[in-house]
Amino acid sequence: MTNFLTSGDPGYDTERTGYNLSVDHKPEVVVPAASVDDVVAAVRYATARGLCVAVQATGHGPSRSAYGAVLINTSRMDGITIDPVARTARVEAGVRGGALVRAAAEHGLAPLNGSSPEVGVVSYHLGGGIGMLGRSLGWAVDHVRVLEVVTADGVLRRVTATEETELFWALRGGGKGTLGVVVALEIDLHPVSRLYGGGMHFAADSAKRVLTTWAEWTRTAPEAMGSSVLLIRMPDLPALPDALRGRYVVHVRFAFTGSAEEGERLVRPFRDLGPVTDSVAEMPYSAVGSIHAEPTTPVPFHGRNTMLASLDAAGVAELLRHAGPTADAPYLVELRLMGGALARQGAVPSALARRDGEFVLYAGGVAEPDRAPAVRAALDRLLTALAPWGTGGVCVNFLSGPDVTAAQLATGYLPADVERLAAVKRAVDPGDVFRTHHGRA
């Protein structure tokens, strides 16, 4: 079989370690896959020995340890093929969002990528994918044309809307590590080459005003405008400017595909509030990762999320009571504006059919093992407090860390689709080979 590593081999620890260190993978075997043949060999090796299979490209969203498993690391599978005429991209399993953005930008095109250039494209799509262009173009999963997947029988399958149709439905939104190893995707690209985008930081004493303004502003924001707000106490790092270093700030982000003139008009209410930084300007789409500027250093991170149906003045007050400047919360909070095309079903139905939130609230904190219980308790208090504004659902892609449960995962889907997903699972993986994933006990 292909090269594989066991505990004690050089490279074993590097290959098993991903971005979120709160989940410590200790597999029996790590397979640094460089090809589809390597993946097929790894799956067949596992099933011949009664082992389960786990998959990792970047490790941003783990929830269960691959203890005693065969862990397939797909990060070396980084091929990208752009068809500028058909406006499609074929993306291998290890490709990261930033690499895809850059490759598509060479042709004046853009994918429905997420906020972080470091997140893996395949896992992002399999969980749904809230793209920076989502309010105008919908979920990333709605723009998947073809999946190439190695199932538990060690067979490479081509899965489309007309081939393996039930598996095509299930993988798109319900396929994060549960149904096989997706070794490549073919996805739509879109004729977007620039944005009016960036972010504004506001000081702590402006938090209530800014968040209230943003909540009201979102009610009339056009679908061409994507936006989010981050509440965070910045780290005390010398590289940060004095206005941000060690300070609590509110970071309002914008990604607008309309004209710069219209964009400037739309963000004017926030400039009038006096931001301490302002990077909002005309930019090439290839620079979209700079809008959120998310960290890249691996950390032990515990995260939770919930979909909100609304955010009124009382909701803003409750959020700030738990996560405002004086709360000393051990976590950051991000609110992303949903709605628009994100609320509509895709042209081809997928497992991701629950689309009823106006906002997704994500909260997470860095937590070494001794601090994890306190962080978990604080996150529980926050989500309990915001429950009156919630839909009862979650965003599947934002579930990560060791606290994810089957009950939480199920709320990301329509009730009838939970059983439909289970039926597909029984059909393609009757031995539950792929069992290291979200929601396992």
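The model is predicted, so local features need pLDDT of at least 70 and side-chain atom pairs count only at pLDDT 80 or more, while totals for chains, interfaces and linings use all residues. Residues are numbered from 1 along each chain as its sequence is written, and side-chain values use heavy atoms, with hydrogens and water left out.

**Helix packing**
- Helix 7 (residues 207-217) packs with helix 8 (residues 260-271) at an angle of about 155°, and their axes are 10 Å apart.
- This angle makes helix 7 roughly antiparallel to helix 8 (the term applies to angles over 145 degrees).
- In the contact (heavy atoms within 4.5 Å), helix 7 supplies V210, T213, W214 and W217, and helix 8 supplies L266, P269 and F270.
- Of the residues in this contact, 6 are nonpolar, 1 is polar and none is charged.

**Aromatic rings**
- There are 6 aromatic pairs in the structure (rings of Phe, Tyr and Trp, the last by its six-membered ring, pair if their centres lie within 6.5 Å).
- W217, F254 and F270 form a cluster linked by ring pairs.
- R172 has its charged end over the ring of F168, 4.0 Å from the ring centre (for Arg, CZ must be within 6 Å of the ring centre and within 35 degrees of the ring normal).
- Likewise, the charged end of R420 sits over the ring of W169, 3.8 Å from its centre.

**A loop residue**
- D328 lies in the loop between helix 9 (313-323) and strand 15 (332-337).
- D328 counts as exposed because its relative accessibility is 65% (exposed means over 50%, with a 1.4 Å probe and protein chains only).
- The C-alpha atoms of D328 and A93 are 39 Å apart, and the two residues are 235 residues apart along the chain.

Terms used: Axes are lines fitted to C-alpha atoms, for helices over the stretch in contact, and angles run from 0 to 180 degrees between N-to-C directions. Helices (H or I, at least four residues) and strands (E, at least two) are DSSP runs, numbered from the N terminus. Angles under 35 degrees count as roughly parallel, over 145 as roughly antiparallel, 65 to 115 as roughly perpendicular and the rest as oblique. Ala, Val, Leu, Ile, Met, Phe, Trp, Tyr, Cys and Pro count as nonpolar, Asp, Glu, Lys and Arg as charged, and the others, Gly among them, as polar. Rings of Phe, Tyr and Trp (its six-membered ring) pair if their centres lie within 6.5 Å; planes under 30 degrees apart count as stacked, over 60 as edge-to-face and the rest as tilted. Buried means under 20% relative accessible area, exposed over 50%, partly exposed in between (1.4 Å probe, protein chains only).
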